[in-house]
Amino acid sequence: MKILIVGAGEVGSNIATSLSDNHDVVVVDTDPEMVEQLTYSIDVLAIEGDGSSLDILQQAGLEDADMLIASTDDDETNLVTCGTAKTVSDAFTIARVRNKSFFQTWKQSEGAFGVDFMVSTNLLTADNIARVIGLPAAVDVATFAGGLVQMAEFELTQENELVGQTVADADRFESLTFAALARDGDVIIPDGETSIELGDRIIIIGEPTSIQAFSRTVAPPNIPDESDDIVIVGGSDIGYNTARRLEEQDIESRLIEQDGDRARELAETLQQTLILNHDATDSEFLLRENIDQVGTLIAATDSDEKNLLVSLVANNIGVQRTIAIVEDGEYASLFEAVGIDVAVNPREVTAEEIIRFTQERQIENLSLIENRQAEIIELEIDEDSILTNRPIEESITDLPSAVVIGAVTRDREFIVPRGDTVIKAGDHIVLFVSTDIASDVMSYI
């Protein structure tokens, strides 16, 4: 396909990088430095200009484009870009938005704004936070096969029973596969003799009940279950939607919002959430409200700096687990380095969803791991796949070495993938694969 991407920020750049191997990609951005950087870093045509301008879109080849992705940081620009594109082109349009009202209007009226598919950054981020809350100690969680399969990533931040064990010793859960270890910036595909070290991030794929059980062996004793008290700091759209998601799961929470008008507005719409109007960086207030005893604190203000400060204050008074929104992806590793348990980047979440959608003819679901070093891919196997009607121990030798078959589902039943497991047409498989060989693996399968 020919794909035109408007906006070369963190979202657009990630999408361009993922799609450039298999598609003809053109990127438009107003920032000349970003355009130059993309030109020399990946195989795309980068053009400087305003992507909402018809002249610029035509210069980028809009008339023969199959898809246009509007991924700037401005909702209105993205909507105008899609609407402009529809005046002269039949390209499938995708828009990224934050404003919930735009998303609701689009959901209620198919094709509104000239957008064929809309991605709501704030709703996706709230969903991501809710999944992480549901699994103690996890730093990343994704679901596949309609919830039958789960991927989870855990970091060994302190000594526990797994440190020093081999993968074979640690792998004592029936419906679970050790897919990879992330260590010192590298992703390792382990075998049974690989030793687990302090500081490793363990990536596992399996049945949710087995992953839940495994999480308790990884979690420090003070890490909470999802039923423990949860506090959200910040009545931003992400904070609001996170509270709403928790209410839908019958999980009660408290939300601290400094602005009085916004606090009253939230109190009127969130029926099961206690709204507190105060500054969450005030440690005396936090102690009076017993915030030091809560299980999880989520910093969801509109400021990365305040989210970092709130999280550090929470850690200092004894909050067991902190989750922080970080808009600037370059800060995510910093947040975790200074003690924040989970840093959630809305731009990364958005890019992942758009990449998944653009590839949905080939794959069912997608999750990006360790700064795009690896991918978890769900796909349906057909008759022509090299995996079909062969045991895994035989067919896996025809694939590159950096591939792990983490799970198989058949007729809505979970199958533990073992060497003698025979994959059949119609099965869904969940793969762990290094990003640099993902396109080659897809061509085999």
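The model is predicted.

**The sheet.** Start by selecting β12 to β17. These 6 strands form an open sheet, and the pairing is parallel. Step across in the order β14-β13-β12-β15-β16-β17. Stop at the two ends. Residues 273-277 make up edge strand β14, and residues 342-344 make up edge strand β17. Each of these pairs on one side only. Now look at how the strands are set against one another. On average, neighbouring strands are turned by 20°, direction ignored.

**β13 and β14.** Select residues 253-257, which are strand β13. This strand runs parallel to β14, and 5 bridges join the two.

**The helices.** Next, select residues 237-248, helix α9. Helix α9 lies across β12 (230-233), β13, β14, β15 (296-299) and β16 (321-325). Its direction is at about 160° to β12. Then move to residues 260-269, helix α10. Helix α10 lies across β13 and β14, at about 170° to β14.

**Glu-375.** Leave the sheet and go to strand β19, residues 374-380. Select Glu-375 there. Is this side chain's residue, Glu-375, buried or exposed? Glu-375 counts as buried because its relative accessibility is 8%, and the cut-off for buried is under 20%. Now show what surrounds Glu-375. Beyond its neighbours within four places in sequence, the contacts of Glu-375 include Leu-366, Ser-367 and Leu-368. Leu-431, Phe-432, Val-433, Thr-435 and Ala-438 are also in contact with Glu-375.

Definitions and conventions: Residues numbered from 1 in each chain as written. Predicted model: local features only at pLDDT ≥ 70, side-chain atom pairs only at ≥ 80, totals over all residues. Heavy atoms only, no water. Pairing = 2+ DSSP bridges. Helix = DSSP H or I, 4+ residues; strand = E, 2+ residues; numbered from the N terminus. Axes fitted to C-alpha atoms, helices over the stretch in contact; angles between N-to-C directions. Contact = heavy atoms within 4.5 Å. Buried < 20%, exposed > 50% of the residue type's maximum accessible area, 1.4 Å probe, protein only.
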